[in-house]
Amino acid sequence: MDPTARILRLLSLLQTYRHWSGDELAQRLAVSPRTLRRDVERLRELGYPVLTSRGTYGGYQLAAGTRIPPLLLDDEEAVAIAVGLRTAANGSVAGIEETSVRALAKLQQVLPTRLRRRVEALAVATEAVAGYGESVDPDVLLTIAQACRGSEQLRFHYTATDGSETSRLVEPHRLVSRYRRWYVVAWDVDRGAWRTFRVDRVTRPFANGVRVPPRELPAEDAASFVAAALRSRPQPFTAVLRLRGTADELRDRVPGWMGEPVPDGGGTCLLRTGADNLEWLALSLTRLDADVELVEGSPDLVAELNRLRTRAEQLTAAP
């Protein structure tokens, strides 16, 4: 391997995990321990703070340094980027939440302590306007993201729908942002099964330092796994709708989380859907881009739809 390409590969490996043994790195790079030591020194000369530990469990670790590595960023730019990524991770810009968390995890790993404090101070002093979806602490997201990247076990407290709280030990696989809500897909160590956790219900997460080999997810990807898990859960608020149009016509006009339109003859389809938030379900039904009729719905849902209609009539009434 070309020396420059090898050093870049070494940097990529160090950014992936928190700690590597010398033997692991040398084997990955197909070099001798002596060549590995020279490459590590070259990274240090370039400004990347690589720590070395000796002994049975010794190895190399990329740590926060006293200055920013050569990313062509000054301190002010680094702080601005970190704050922007934290904001984007909260869903202020739809579609880039997951990317923002991954980028923030990488940047946070190399930020000097003085700059981390500035980022935290700005976050504390800034209040975002609430939107749809539950608020998630960016620090919780960051802790989970770093554990995912490092294939490191994670322990946290989790509050279930009924309000009960449990302590969970998991092997986190991936974070998924879905319709303004965050989920973490993880292998639950105590239960011996894959689970999906809502991040807004996670508190006090911390990585315990135990690195584990990645498991094979029983799905095409993490997003598909979350979608299937949510569809399999009973929802407290449900509805059956009749929509005018064919399944092909409606597929791109009905949000994926609401389910699949099923033809029922006569140029219409039935849609069975549900949610754990009554207001969100009612509002979503009013925003469907199709001629729609409510076939089945709870009295609470009907009352909420009537409330929305009354409010709309009040807003559009002539002065």
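In this predicted model, R178 is in contact with Y183, V226, A227, L230, G256 and W257, leaving aside its neighbours within four places in sequence. R178 has its place in strand 4, which spans residues 165-178. With a relative accessible area of 16%, R178 is buried, because buried means under 20% relative accessible area.

**The protein as a whole**

The protein has 11 helices and 11 strands. Of its 319 residues, 40% are buried. Among contacts with a separation of 6 or more, 60% are accounted for by residues 24 or more positions apart.

**L250 and G245**

L250 is found in helix 9, residues 247-251. The relative accessibility of L250 is 0%, and L250 therefore counts as buried. Not counting residues up to four places away in sequence, L250 touches L243, R244, G245, P261, C269 and A290.

One of these partners, G245, is found in the loop between strand 8 (237-244) and helix 9. G245 is also buried, with a relative accessible area of 7%. Residues up to four places away in sequence again being left out, G245 touches L250, G267, T268 and C269.

The following table collects pairs of residues with their separation along the chain and their C-alpha distance.

| Pair | Separation in sequence | C-alpha distance |
|---|---|---|
| L250 and E260 | 10 residues | 8.9 Å |
| G245 and G267 | 22 residues | 5.4 Å |
| E24 and G59 | 35 residues | 8.9 Å |

Which residues of helix 2 are buried? In this helix, residues 22-29, the buried residues are L25, A26 and L29. They cover an arc of only 100° around the axis, and for this reason they lie on the same side of helix 2. In general, an α-helix has 3.6 residues a turn, so residues three or four places apart point the same way. On the other side of helix 2, D23 and Q27 are exposed.

E24 also lies in helix 2. With a relative accessible area of 31%, E24 is partly exposed, because this class lies between the limits of under 20% for buried and over 50% for exposed. The C-alpha atoms of E24 and G59 are 8.9 Å apart in space, while the two residues are 35 residues apart in sequence.

Helix 2 is followed by A30, whose phi is positive, near 60°. A30 has this positive value although it is not a glycine. A30 lies in the loop between helix 2 and helix 3 (33-45), and it is exposed, with a relative accessible area of 70%.

R204 lies in strand 7, residues 202-211. At 52% relative accessibility, R204 counts as exposed, because exposed means over 50%.

**The crossing of helix 10 and helix 11**

Two packed helices are described by the angle between their axes and the distance between the axes. How do helix 10 and helix 11 cross, and within what distance do their axes come? The axes of helix 10 (residues 278-286) and helix 11 (residues 299-316) come within 9 Å and cross at roughly 60°. The two helices are therefore oblique to each other. Helix 10 passes helix 11 in a right-handed crossing.

On the side of helix 10, the contact is made by L278, E279, L281, A282, L283, L285 and T286. Helix 11 contributes D300, L301, E304, L305 and L308. By class, this contact has 8 nonpolar, 1 polar and 3 charged residues. T286 is the polar residue, and the charged residues are E279, D300 and E304, because Asp and Glu count as charged.

Notes:
Residues numbered from 1 in each chain as written. Predicted model: local features only at pLDDT ≥ 70, side-chain atom pairs only at ≥ 80, totals over all residues. Heavy atoms only, no water. Axes fitted to C-alpha atoms, helices over the stretch in contact; angles between N-to-C directions. Helix = DSSP H or I, 4+ residues; strand = E, 2+ residues; numbered from the N terminus. Parallel < 35°, antiparallel > 145°, perpendicular 65-115°, else oblique. Left-handed = near helix turned anticlockwise from the far one by under 90°. Contact = heavy atoms within 4.5 Å. Buried < 20%, exposed > 50% of the residue type's maximum accessible area, 1.4 Å probe, protein only. Arc of directions from axis to C-beta.
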